[in-house]
Amino acid sequence: MQKWYQIFHKNTGLSPYVWVVFYILPFYFIFRSSTTYHIVLGTIMIMVFFSCYVLSFVSKGWIVYFWTSIQIIISIIMAIVFSYVYFSLFLAFFIGTMKSKAGFITLYCIHLVTTIVTINYGLVSQNPVYFDQLPFIIISVIAVILIPVTTFNRNRSEKLQGQLEDANKRISELVKLEERQRIARDLHDTLGQKLSLIGLKSDLAGKLISKNPAQAQIEINDVRQTARIALKEVREIVTQMRGTRLVEEMFRIKQILKAAEIDLIVEGDPKLTNTSLINENVLSMCLKESITNIIKHSSATSCSISIEPSPSDLVIKVGDNGIGMTKECLVLLGNGLRGMKERLEFVNGCMEIVSDQGTMIVIKVPNAIIPPEREVRI
């Protein structure tokens, strides 16, 4: 709920001077009485009303409804005994600040019914004060109907707006974090493979420089070309996500495995016709990371890549005859394998690692085949 002192124009749209008039006005009505008893009774009720009004704003739980009930009773008594109906405006505003929808509806209905019944009683009893201020009473009834609903909806809207702003800030932070992680994965996957290739070819050129200078020169030229490609890809990663076809990736994989003196066996067609670009790009990056790990850590002499498309899934199996992975390594995945898993989860894919007489990585992504008659023609 709002604080009791927030009844001024910031939240109600009314000038604070109007509320000051409503604070003073009940004293005018009670001092019109001819008896001291009525004056004392009226003054006590006014003090109790405003005390309960403040307590209603600062209290929580069921006690709020207790203070509000006392205010409603005092408002009825003041309207019947002193012909003062304007406490209903204070109650109307307070009811509008209720956070609970059930509590708001209950108090709103009770207050509206009691206000209308009390005013009708004054009119039926031919109270001259009611007839003298009839236009103001009609305005008060309209305010009792509209103020709670308007205030409740405005507060609800402000709350939702605040929640929306918080959600937007959180989404913005998550987007930034995801973008940082994406760039980190791309740099790791791209530079890791290229630098590994540069290292292997540099070592090979160093071995051949005395035995076969011509071949060494070719390897050095490959190193230069690979470095340029790496620089180009880094620039592309920084600017945007670059889609990589599996056919292109397979060509680079053959090069790096040949330089590492690892035999390659390929089963299946790397040219995919029914796989989305984003899925194919994720597969290419995962395949690149798998080959990089084989070269760096497996001590393998042979590598196999199997491409198995189906109507529902596309499965790629990457295996080697190396030293395999320990159980501890399978549990504590490195940055590269963790990045592969995150990429695959992004496209509803999955990854499985089997380590038995070498290592087998099974990569699976959805592969929805679109019938020709349903293809969209532009």
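## A conversation about a predicted chain

Visitor: Stepping back, how many helices and strands does the chain have?
Guide: The secondary structure comes to 13 helices and five strands, in a chain of 378 residues of which 40% are buried.

Visitor: What part of the contacts comes from residues 24 or more positions apart?
Guide: Counting contacts with a separation of 6 or more, residues 24 or more positions apart account for 68% of them.

Visitor: Let's go to Thr114. Where does it lie, and what does its side chain reach?
Guide: Thr114 lies in helix α6, residues 101–124, and its side chain reaches the backbone oxygen of Ile110 at 2.9 Å. A polar atom of the Thr114 side chain also lies 2.9 Å from the backbone oxygen of His111.

Visitor: What is Thr114 in contact with, leaving aside its neighbours within four places?
Guide: With those neighbours in sequence set aside, Thr114 is in contact with Ile72 and Ile76.

Visitor: Now Ser140, buried or exposed?
Guide: Ser140, which is found in helix α8 (residues 134–211), has a relative accessible area of 5%, and because buried means under 20%, Ser140 counts as buried.

Visitor: What is Ser140 in contact with beyond its neighbours in sequence?
Guide: Leaving aside neighbours within four places, Ser140 is in contact with Tyr86 and Leu89. The C-alpha atoms of Ser140 and Ser88 are separated by 7.7 Å, although the two residues are 52 residues apart along the chain.

Visitor: Switching to helix lengths, what span should α3 have?
Guide: Helix α3 runs over residues 36–58, and its 23 residues should span 33 Å at 1.5 Å a residue; the end C-alpha atoms are 33 Å apart, so the two values agree.

Visitor: Which residues of α3 are buried?
Guide: The buried residues in α3 include Ile39, Gly42, Met45, Ile46, Phe49 and Phe50, and Cys52, Tyr53, Ser56 and Phe57 are buried as well.

Visitor: How many residues does α10 have, and what distance does it reach?
Guide: Helix α10 has 14 residues, 246–259, and reaches 20 Å from its first C-alpha to its last, close to the 20 Å expected. Among the buried residues of α10 are Leu246, Met250, Arg252 and Ile256.

Visitor: What follows α10?
Guide: Glu261 follows α10, with a positive phi near 60°, and its place is in the loop between α10 and β1 (263–267).

Visitor: Is Glu261 buried or exposed?
Guide: Its relative accessibility is 63%, and since the cut-off for exposed is over 50%, Glu261 counts as exposed.

Visitor: And what about phi of Ser299?
Guide: Ser299, also a residue other than glycine, has a positive phi near 60°. Ser299 is found in the loop between α11 (277–298) and β2 (302–309), and with a relative accessible area of 60% Ser299 is exposed.

How values were computed. Residues are numbered from 1 along each chain as its sequence is written. This is a predicted model: local features need pLDDT of at least 70, side-chain atom pairs count only at pLDDT 80 or more; totals for chains, interfaces and linings use all residues. Side-chain values use heavy atoms; hydrogens and water are left out. Helices (H or I, at least four residues) and strands (E, at least two) are DSSP runs, numbered from the N terminus. The expected span of a helix is 1.5 Å times one less than its number of residues. Buried means under 20% relative accessible area, exposed over 50%, partly exposed in between (1.4 Å probe, protein chains only). A polar contact is a pair of N or O atoms within 3.5 Å; within protein, one must be able to donate a hydrogen and the other to accept it, and residues adjacent in sequence count only if both atoms are side-chain atoms. Contact means heavy atoms within 4.5 Å.
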